[in-house]
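Reader: Hi, I have just opened this one and would like someone to walk me through it. Could we take it topic by topic?

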Amino acid sequence: PYVAFADDDSWWDAGALAAAVDLLQADASLALVTGEVRVMPDDDLDPVSAAQAAGRFDVRWQETPVGRRAVAGFLACAAVVDRARFLAAGGFPVELGIGGEEEPLALALATTGWGLAYAPEAVVRHAPSASRDPRARAGRLARNDVLTAVVHHRPRTVAGRGARLVERIARRELAPSVLAATTVGAPWALAARRVASPATLDRFARI
């Protein structure tokens, strides 16, 4: 009934999965629990986990019924989901691949009324591969950021993310091929367009 995700360079601490499942079972409104990510080898707190702990992923953060911070963002490698609710929400969009695939799922879950909670006691270790290409990953994230906006967000958000993408290419932070890849994905995003409710989008507003 529950599924825990991991990358090929991450793993869950002993007891972390049990802690996440306990929360899912204790709060019938939850569909996803995200753990605390520690970056190896120095055991540093991941910036996303720091943002979750501070409430920066939900401008109207609140405590869940089981006393955990509600969040609007998560890292896939640190997520445990209720399987049925995950599948009903459509799961991760296959079209986006890896990189930024979390936002569409979070929006879909929130739009259908399911909650997401941060559980720092469910610890994940992440040891980023030295062979990872940071520039290529940044390009995928930027592409998927725009495509997610096309599918789920208001026109002004689509325009803003698109403008940032062009600016970053102009500053040579991203390769020109990122714009081409975004254009190739646009027909799918337009066909899949289903703007989230205003309340959900306001809740997911970026700080």
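**Phe86 and the aromatic rings**

Author: Let us begin with Phe86, which counts as buried because its relative accessibility is 14%, under the 20% limit for that class. Please keep in mind throughout that this is a predicted model.

Reader: Okay, and which edge-to-face pair does Phe5 form, and why is that pair called edge-to-face?

Author: Phe5 pairs with Phe92: the ring centres are 5.2 Å apart and the planes stand at 75°, so the pair is classed as edge-to-face, the class for angles over 60 degrees. In the chain, Phe5 sits in the loop between E1 and E2, whereas Phe92 sits in the loop between H3 and helix H4 (102–111), 87 residues apart, and the pair therefore links distant parts of the chain.

Reader: How many aromatic pairs are there by this rule?

Author: The count comes to three aromatic pairs. One of them joins Phe5 and Phe86 in a tilted arrangement, with 5.4 Å from centre to centre and 50° between the planes. That pair also bridges distant parts of the chain, since Phe5 is in the loop between strand E1 (2–4) and strand E2 (10–12) while Phe86 belongs to helix H3 (residues 83–88), 81 residues apart.

Reader: Which residues do the ring pairs link into a cluster?

Author: The cluster is made up of Phe5, Phe86 and Phe92, linked by ring pairs.

Reader: Switching to helices: how do H5 and H7 pack, and at what angle?

Author: H5 and helix H7 (residues 177–191) pack at an angle of about 30°, and their axes are 9 Å apart. That angle makes H5 roughly parallel to H7, and H5 passes H7 in a right-handed crossing.

Reader: Which residues meet there?

Author: From H5 the contact includes Ala142, Arg143, Val146 and Leu147, and from H7 it includes Ala181, Gly185, Trp188 and Leu190, among others on both helices. Sorted by class, the residues of this contact divide into 11 nonpolar, three polar and one charged.

Reader: And what about H4 and H5, roughly parallel or roughly perpendicular?

Author: The axes of H4 and helix H5 (residues 134–152) come within 9 Å and cross at roughly 25°, and the two helices are therefore roughly parallel to each other. Here too the description is of a right-handed crossing, with H4 passing H5. The residues that meet are Glu103, Pro104 and Leu107 in H4 and Asp145, Thr148 and His152 in H5. By class, this contact of H4 with H5 has two nonpolar, two polar and two charged residues.

Reader: New topic: is Ala122 buried or exposed?

Author: Ala122, which lies in strand E7 (residues 115–126), is buried, with a relative accessible area of 0%. Leaving aside residues up to four places away in sequence, Ala122 touches Trp12, Ala16, Ala20, Gly35 and Glu36.

Reader: Last one, about the backbone: which peptide bond is cis?

Author: The bond from Met40 to Pro41 is cis, with omega near 10°, and Pro41 is found in the loop between strand E3 (30–39) and strand E4 (44–45). Asp43 has its place in the loop between E3 and E4, and Asp43 shows a positive phi of about 65° although it is not a glycine.

Reader: What is the phi of Arg172, and is Arg172 buried or exposed?

Author: Arg172 has a positive phi of about 65°, again without being a glycine, and is exposed, with a relative accessible area of 71%. Asp43, by contrast, counts as partly exposed at 31% relative accessibility.

Notes
Residues are numbered from 1 along each chain as its sequence is written. This is a predicted model: local features need pLDDT of at least 70, side-chain atom pairs count only at pLDDT 80 or more; totals for chains, interfaces and linings use all residues. Side-chain values use heavy atoms; hydrogens and water are left out. Rings of Phe, Tyr and Trp (its six-membered ring) pair if their centres lie within 6.5 Å; planes under 30 degrees apart count as stacked, over 60 as edge-to-face and the rest as tilted. Helices (H or I, at least four residues) and strands (E, at least two) are DSSP runs, numbered from the N terminus. Buried means under 20% relative accessible area, exposed over 50%, partly exposed in between (1.4 Å probe, protein chains only). Axes are lines fitted to C-alpha atoms, for helices over the stretch in contact, and angles run from 0 to 180 degrees between N-to-C directions. Angles under 35 degrees count as roughly parallel, over 145 as roughly antiparallel, 65 to 115 as roughly perpendicular and the rest as oblique. A crossing is left-handed if the near helix is turned anticlockwise from the far one by less than a right angle, and right-handed if clockwise. Contact means heavy atoms within 4.5 Å. Ala, Val, Leu, Ile, Met, Phe, Trp, Tyr, Cys and Pro count as nonpolar, Asp, Glu, Lys and Arg as charged, and the others, Gly among them, as polar.
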